[in-house]
Amino acid sequence: MAVSPEKMYFGGIEGGGTGSNLVLIDETGAVVARSEGESTNQWLVGLDKTVERINELVEVAKKKAGIPLETKLKSLGLSLSGADKREEQKEMEEKLVARFPNATEACFACNDTVGSLETATDKGGIVLIAGTGSNCLLMNPCGSMYKCGGWGHMLGDEGSAFWITHRAVKIFFNHDDGFEISPFPVDYIQKELFAYFDLKHKQDLLTHLYGFNKEQYAKFCGKAIVKGAEMGDALCLHVLEEAGVGLGKHIKALIPKMECGMLEKDKSLKILCVGSVWKSWDFLKNGFLEGISNGAAKPIKDFVLLKYRPCAKASFGATWWAAKKIGIALPADHDVMVEEFFHYKA
């Protein structure tokens, strides 16, 4: 379609370890184009390849919208996994503008949690990611941000699909060794583990652990553990409830950092839940409520859990966030992006 060259255009990218997507919005808030591409995690593909792929996403979207490639976006928000430190974010911003000066007038990079939360709300809240890994970010209404978790499978990832798999497998191994006897039957987990990894003996799992594939390991959660919980397997139910406790603890840890009246009476704390683990909310619920409240200095008396609607992408939040950085508040309907799936009120 032909697009007016006199209009202003704004872009945002949601970048992950396996794929990325960009949305292009005009000054009225209307979507003029979208594009999709490969991973833009600099720790997986390198900084140079990351900025090249970002520019490719921008150019593809411009072509789809009929915008000349030399027309610069007013701003471009980069909400990317792995973009955690300000020094690295700044290096990425500067490299993109230097190598591809026609891409955008202004570029701003942030962690993937920022774009997710900005998609859901502009009034402050929490995003809690529980997919292959886990990560949690608090954004106060006044703009300050605090993080809990996100340290990867070696140091954290509590409540994630990886953690759930690892916990179940560890219980089985400990039980089979006689190191710690499981209070729950391990037969189901043993059968599914051997089938999933094509094992003849449990020692065969070492081949997969030394040639480690985190994503493959994490997928055992959905393939077997959630299925087992649906069938009533006691060990699967137990591990998922433990995962709920871990996820709730992320929120509890951030309570002391909440400012600007976020926990005022008659005000619901918004928690955006992102990732495949949340599809098992019924099995996480009791543990989550325990983790978020047990031992909390100031219990949260009112909170809502939100999930993305099918139309939502964190690239929208990245676009709106970057535009605000240059002083432009684009029209944004956050309610269209999310829906409530649980409301707790003490």
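The model is predicted, with local features requiring pLDDT of at least 70 and side-chain atom pairs counted only at pLDDT 80 or more, while totals for chains, interfaces and linings use all residues. Residues are numbered from 1 along each chain as its sequence is written, and side-chain values use heavy atoms, with hydrogens and water left out.

The helix pair α2 and α3 is described first. Helices are DSSP runs (H or I, at least four residues), numbered from the N terminus. The axes of helix α2 (residues 47-65) and helix α3 (residues 86-99) come within 10 Å and cross at roughly 60°; axes are lines fitted to C-alpha atoms, for helices over the stretch in contact, and angles run from 0 to 180 degrees between N-to-C directions. That angle makes α2 oblique to α3, where angles under 35 degrees count as roughly parallel, over 145 as roughly antiparallel, 65 to 115 as roughly perpendicular and the rest as oblique. The crossing of α2 past α3 is right-handed, a term applied if the near helix is turned clockwise from the far one by less than a right angle. On the α2 side the contact (heavy atoms within 4.5 Å) is made by Leu47, Asp48, Thr50, Val51, Glu52, Ile54 and Asn55, and on the α3 side by Glu91, Met92, Lys95, Leu96 and Arg99. The contact of α2 with α3 has five nonpolar, two polar and five charged residues; Ala, Val, Leu, Ile, Met, Phe, Trp, Tyr, Cys and Pro count as nonpolar, Asp, Glu, Lys and Arg as charged, and the others, Gly among them, as polar.

Asparagine 55 of α2 has 7% relative accessibility and therefore counts as buried (under 20% relative accessible area, with exposed over 50% and partly exposed in between, for a 1.4 Å probe and protein chains only). Leaving aside neighbours within four places in sequence, asparagine 55 is in contact with Leu96, Phe100 and Ala103.

A further pair is formed by helix α5 (residues 161-177) and helix α9 (residues 234-254), whose axes come within 10 Å and cross at roughly 135°. The two helices α5 and α9 are therefore oblique to each other, and α5 passes α9 in a right-handed crossing. Trp163, Ile164, Arg167, Ala168 and Ile171 of α5 meet Leu235, His238, Val239, Leu240, Glu242 and Ala243 of α9. By class, the residues of the contact of α5 with α9 are eight nonpolar, one polar and two charged.

Isoleucine 189 lies in helix α6 (residues 187-196) and counts as buried because its relative accessibility is 1%. Not counting residues up to four places away in sequence, isoleucine 189 touches Ala168, Phe172, Phe220, Ile225, Leu235 and Cys236. Isoleucine 189 and phenylalanine 172 are 17 residues apart in sequence and 7.2 Å apart in space, C-alpha to C-alpha.

Tryptophan 281, in helix α10 (residues 281-293), is also buried, at 8% relative accessibility. With residues up to four places away in sequence excluded, tryptophan 281 touches Phe288, Leu305, Phe341 and Phe342.
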